[in-house]
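Here are my notes on the model, point by point. Please read them with the structure open.

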Amino acid sequence: MDTKKIITGALGVFVLFVIITQPIKAADMVQIGFQGISDAAHGIGEFMTELVT
């Protein structure tokens, strides 16, 4: 079997396990991830604004 498929499958099972057993903690992790993406996008926007002005 391909090692990449095994690792991807194991990661998927782990994610499902965490979501099923600890939904509140899983939701917090997702919120933290989206907050990080939002902060990065905001920072890039500010940087581009400063370049233009």
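1. Some terms come first. A residue is called buried under 20% relative accessible area and exposed over 50%, with partly exposed in between. The model is a predicted one.

2. Start with Gln35. This residue sits in helix α2. Its relative accessibility is 44%, so Gln35 counts as partly exposed. Along the chain, Gln35 and Thr49 are 14 residues apart. Their C-alpha atoms are separated by 21 Å.

3. Ser38 is also placed in helix α2. Is Ser38 buried, partly exposed or exposed? At 41% relative accessibility, Ser38 counts as partly exposed. Between Ser38 and Val52 there are 14 residues of chain separation, and 21 Å from C-alpha to C-alpha.

4. Now helix α1, which covers residues 3-21. Lys4 belongs to this helix. With 63% relative accessibility, Lys4 is over the 50% cut-off and therefore counts as exposed. Lys4 and Asp28 are 24 residues apart in sequence. In space, their C-alpha atoms are 28 Å apart.

5. Ile20 lies in helix α1 as well. Its relative accessibility is 68%, so Ile20 counts as exposed.

6. Which residues form the nonpolar patch on the surface? The members are Leu11, Phe14, Val15, Leu16, Phe17, Ile19 and Ile20. Together they have about 750 Å² of accessible area. Exposed Ile20 is thus one to look at in the display.

7. Next, the helix pair. Two packed helices are described by the angle between their axes and the distance between the axes. Helix α2 spans residues 23-52. The axes of α1 and α2 come within 5 Å and cross at roughly 120°. That angle makes α1 oblique to α2. On the α1 side, the contact is made by Val18, Ile19, Ile20 and Thr21. On the α2 side, Pro23, Ala26 and Met29 take part.

Key. Residues are numbered from 1 along each chain as its sequence is written. This is a predicted model: local features need pLDDT of at least 70, side-chain atom pairs count only at pLDDT 80 or more; totals for chains, interfaces and linings use all residues. Side-chain values use heavy atoms; hydrogens and water are left out. Helices (H or I, at least four residues) and strands (E, at least two) are DSSP runs, numbered from the N terminus. Buried means under 20% relative accessible area, exposed over 50%, partly exposed in between (1.4 Å probe, protein chains only). Patches are made of residues with over 30% relative accessible area and no salt bridge: like charges are joined within 9 Å, nonpolar side chains (Val, Leu, Ile, Met, Phe, Trp, Tyr) within 5 Å. Accessible areas come from the Shrake-Rupley method with a 1.4 Å probe; for residues, only the protein chains shown count as cover. A salt bridge is a side-chain nitrogen of Lys or Arg within 4 Å of a carboxyl oxygen of Asp or Glu. Axes are lines fitted to C-alpha atoms, for helices over the stretch in contact, and angles run from 0 to 180 degrees between N-to-C directions. Angles under 35 degrees count as roughly parallel, over 145 as roughly antiparallel, 65 to 115 as roughly perpendicular and the rest as oblique. Contact means heavy atoms within 4.5 Å.
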